[in-house]
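Please examine the sequence and the structure shown here before reading on.

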Amino acid sequence: MLIDRFGRLITYLRISVTDRCNMRCVYCMPAEGIPLQSHENILRYEEIVQIVRLAAEHGIREVRLTGGEPLVRLDLPILVHMIAQIPGIEDISLTTNGLLLEKVAQSLAEAGLKRVNISLDTLDSAKFERITRGGSLEKVLRGIEAAERVGLAPIKLNVVAMRGVNDDELIEMAKLTLQRPWHVRFIEMMPIQNQDSWGNGFPPPEEAYISVHEMRQLLFPLNLQPVNEKVGNGPAREYRIPGAKGIVGFISPIGEHFCQSCNRLRLTADGHLRPCLLSDLEIPVLQALRAGEDILPLLERAILIKPEGHELALNHSPMSRCMRQIGG
Ligand code: SAM
Ligand code: SF4
């Protein structure tokens, strides 16, 4: 069992399969000048599987694939299939921007993927193109439909709420849950290497943050009711618009953070175990793995150094990597 110094049982591994992305969301990375890891520094599928197998032997039950954009990595369904065969792994999910999802949804589901989270910050195509610096809303919507068709459920849509960007759309986005059994989750924007100007037409980044408290106020007209049944073990606080098929969630890494119940460990694409998204503490495993060394002590060390909580509220934010490098 992987239990940290604060008694938290670690059962969930988030794996970043690549630091590359086919979009450039303003709050996630700069428009250009992004250093990328060379291919030989990126974990191969066999290496990821080796780490997951060891982690599963010690209590990891749930795996999420993320990135960068996980679907830009060739043959992702092969990795999903390999992980699905590992004894102990009960749940495999994916976080994606959805741009490439339409074509690959079926093979992902056949390979053993259970669920998918798709990032969707606006329902306006022109705005979508601006926020993502070139992404196509239509393609993402087709990806969402495809995921639903092949039974990747529940579909969760991640919305990073930003003042002066999409705060005028939160009600409309929440209303997507009226007719569809989707989870629309509003997320506080974290200040992770995104505080330089986002370009013309965007507010200064430091003004864009909206707390979940304020989001709930903006959604007051929808009469959201707390949901009692716990769907999933994630950090979202869940509500329902009366009579709606889906769920409205709020994820508050800053205002109402969920560190106390954090059950997560992360693996970066370049082979570092990272016990907290928001702390720069990491344990490198790639070289040891390639040298044929026993990596169990490294896994145990990663659990041992997991911090009690983050200090975003004190303006301490991670410096070493941005979101696409950590794996959001
Ligand atoms: N490319 C995939 C995607 O966009 O879903 C997976 C990686 S992305 C880093 C994972 C999630 O992190 C996305 O839902 C994205 O909106 C979110 N994210 C990125 N930067 C963020 C930030 N600064 N604050 C809060 N969420 C952020
Ligand atoms: Fe790419 Fe996801 Fe970051 Fe957007 S949020 S730039 S899609 S990694």
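Asp75 is found in the loop between β2 (62-66) and α2 (76-84). In this predicted model, Asp75 has a positive phi of about 55 degrees, although it is not a glycine. Most residues other than glycine have a negative phi. Asp75 counts as partly exposed, because its relative accessibility is 45%.

Asn223 may be considered next. Its place is in the loop between α9 (212-218) and β7 (225-226). Asn223, which is not a glycine, also has a positive phi of about 55 degrees. With a relative accessible area of 45%, Asn223 is partly exposed.

A further backbone feature concerns a peptide bond. Most peptide bonds are trans. The bond from Ala153 to Pro154, however, is cis, with omega near -5 degrees. Pro154 is placed in the loop between α5 (137-149) and β5.

Strand β5 comprises residues 155-161, and Lys156 lies in this strand. Which side chain of opposite charge is nearest to Lys156? It is that of Glu238, at 5.2 Å. A salt bridge requires a side-chain nitrogen of Lys or Arg within 4 Å of a carboxyl oxygen of Asp or Glu. Lys156 has no salt bridge, yet this residue is buried. Leaving aside neighbours within four places in sequence, Lys156 is in contact with Arg115, Val116, Asn117, Ile118, His183 and Arg185.

The cysteines may now be examined. A disulfide is a covalent bond between the sulfur atoms of two cysteines. How many disulfides does a search of the whole structure find? The search finds 0. Cys259, for instance, is in no disulfide, and the nearest cysteine sulfur, that of Cys276, is 6.3 Å away. Cys259 counts as buried, because its relative accessibility is 11%. For Cys262, the closest cysteine sulfur is likewise in Cys276; the two sulfurs are 6.7 Å apart and therefore too far from one another for a bond. Cys262 has a relative accessibility of 17% and so counts as buried.

Which residues surround ligand 2? They are Cys21, Met23, Arg24, Cys25, Cys28, Met29, Gly68 and Asn97. Sorted by class, this shell has 5 nonpolar residues, 2 polar residues and 1 charged residue.

Terms used
Residues are numbered from 1 along each chain as its sequence is written. Chains are lettered from A and ligands numbered from 1 in the order in which they are written. This is a predicted model: local features need pLDDT of at least 70, side-chain atom pairs count only at pLDDT 80 or more; totals for chains, interfaces and linings use all residues. Side-chain values use heavy atoms; hydrogens and water are left out. A residue is near a molecule or strand if one of its heavy atoms lies within 4 Å of it. Ala, Val, Leu, Ile, Met, Phe, Trp, Tyr, Cys and Pro count as nonpolar, Asp, Glu, Lys and Arg as charged, and the others, Gly among them, as polar. Helices (H or I, at least four residues) and strands (E, at least two) are DSSP runs, numbered from the N terminus. Buried means under 20% relative accessible area, exposed over 50%, partly exposed in between (1.4 Å probe, protein chains only). Lys and Arg count as positive and Asp and Glu as negative; His and the chain ends are not counted. Contact means heavy atoms within 4.5 Å. A disulfide is a pair of cysteine sulfur atoms within 2.5 Å.
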